[in-house]
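Subject: Structure for your review

Dear colleague,

Please find the sequence and the structure below. My notes on them follow.

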Amino acid sequence: MSRSNRFRTCLAWISIVCCSSLSAVAAENWPQLRGPTGDGHAHAAALPLRWSETQNVVWKTPIHGRAWSSPVVWGGQIWMTTATEDGRQLSVVCVDRDSGKVVHDLKLFDVSEPAEIHAFNSYASPTAVIEAGRVYVHFGSEGTACLDTATGSVLWSRRDLKCDHYRGPGSSAFLYGDLLILHFDGIDVQFLAALDKTTGRTVWKTHRAVDYGGIDGDFRKAYATPIVIDVEGQPQLISPGAKATMAYDPRSGEEIWRVAYEGFSNAVMPLYGHGLVFLNTGFGKPELWAVKPNGRGDVTATHVVWKTRKSIPAKPTPVLVGDLIFACDDKGVASCIDATSGETVWQKRIGGRHSASPLYMAGRVYFFDDESTTTVIEPGREFKQLAVNTLDAGCMASPAAVDRAIYLRTKTHLYRLEDAAGE
């Protein structure tokens, strides 16, 4: 074998090993909101199709408080934040993945005068982010902390990053390299902050350069959780805000491009595929836009490929499967949208109000409603329902999925759902 052929063979094996390692990590952990890749795709061995209170429940653990944050999973631990209903105590809970037993139940912050929140929201809606040995929990302006996952001890905390959330916090923490990136989109100030994940020190802070033209209240707010994409070798942090979505350099906080719209209180995470960023314009009359991310400055007039507004969700983030986007709006209308054209392929009312984001895994899309029902469909250009499952309480938090199990947080409990029969 020639030297060049040996080199190519070596690269091929390195690629295979790296891909296998990434798949293994993805299968074993669910480190952030919407999973390892932030797109709602579960790289699991198999997930249950059907469940109920008496079927395919491995364990069911009560979680105190009122909180809509999602569980995150690393190794044998599941972590999630919670809060008292009045917001005076903010806590974090760790559950053993095998047994469902509570390992840590730690009060992190006392709040003497909690700000008012919308009746729909909770004081612990932002989802934590986890990595080996550390979990980072975030309660918006009331505090951020880094904990040792073995001992539960607080390694550092910050309570000086402030905004007036007005309706309560919602933006989840995000890790990029050595940076913990946080969003503060209040009615008074709107900024992003990147903290050194080891010390909690501020590395950069960027105020959103948006002219709100004298409007106030909800019209300045957002509940953004970003994604990072690679565009021609440059990382871009895609960050939705009120009236505009911006792309920033996650290493410096410098703005790269933006698109402007009329929406506000944005909660839907962006998606990326086919060379396009799919973003939601927020409450009011939510629209789904497809944007080419290779521009500079204001690209609203030049880089928006398509827009659609029929039954677009304002809270649940869709999933992209191949060239199709699957979404369910807040009122329970599911949609299939062609990702390349923006055309609606089909729509079907599946019922219930929806806040949690759907989950995709190997030929199934799972939709979770606010009351108690999960609808499972086969992704395709025709609507095909596979199962409808119910539990005792509804789901406001997006699920986690690892190996063969779905970890579903309802309004009262955390469930481990797994198909014992191997269906």
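I begin with a sheet of four strands, which is open, has the order E18-E19-E20-E22 and is antiparallel in its pairing. Two strands count as paired if DSSP finds at least two bridges between them. Helices (H or I, at least four residues) and strands (E, at least two) are DSSP runs, numbered from the N terminus. Strand E18 (271–273) and strand E22 (304–308) are at the edges with a single partner strand each, so one side of each has no neighbour in the sheet. From one strand to the next, the twist averages 20°; axes are lines fitted to C-alpha atoms, and angles run from 0 to 180 degrees between N-to-C directions. Within this sheet, strand E20 (residues 288–291) pairs with E22 in the antiparallel sense over four bridges. Tryptophan 289 has lysine 307 in E22 opposite.

Please note that this is a predicted model, in which local features need pLDDT of at least 70 and side-chain atom pairs count only at pLDDT 80 or more, while totals for chains, interfaces and linings use all residues. Residues are numbered from 1 along each chain as its sequence is written, and side-chain values use heavy atoms, with hydrogens and water left out.

A further open sheet has five strands in the order E14-E15-E16-E17-E21, with mixed pairing. Its edges are strand E14 (227–231) and strand E21 (297–298); each has a single partner strand, so one side of each is left without a neighbour in the sheet. Strand E16 (residues 244–248) and strand E17 (residues 255–260) are joined by five bridges and pair in the antiparallel sense. Here methionine 246 is opposite arginine 258 in E17. As background, strands of a sheet pair through backbone hydrogen bonds, either parallel or antiparallel.

Strand E25 (residues 333–338) and strand E26 (residues 344–349) also run antiparallel, joined by five bridges. Serine 335 has glutamine 347 in E26 as its bridge partner. The two strands E25 and E26 form a hairpin with five residues between them, and glycine 342 in the turn has a positive phi of about 85°.

Most residues other than glycine have a negative phi. Arginine 34, however, has a positive phi near 70°. Arginine 34 is placed in the loop between helix H1 (3–28) and strand E1 (57–62). Is arginine 34 buried or exposed? With 2% relative accessibility, arginine 34 counts as buried; buried means under 20% relative accessible area, exposed over 50%, and partly exposed in between (1.4 Å probe, protein chains only). Tyrosine 166 likewise has a positive phi, near 70°, and lies in the loop between strand E9 (154–158) and strand E10 (174–176). Tyrosine 166 is partly exposed, at a relative accessible area of 37%.

Finally, the chain as a whole. The protein chain has one helix and 33 strands. The C-alpha atoms fill a box of roughly 65 × 60 × 55 Å along the principal axes. Of the 423 residues, 59% count as buried.

With kind regards
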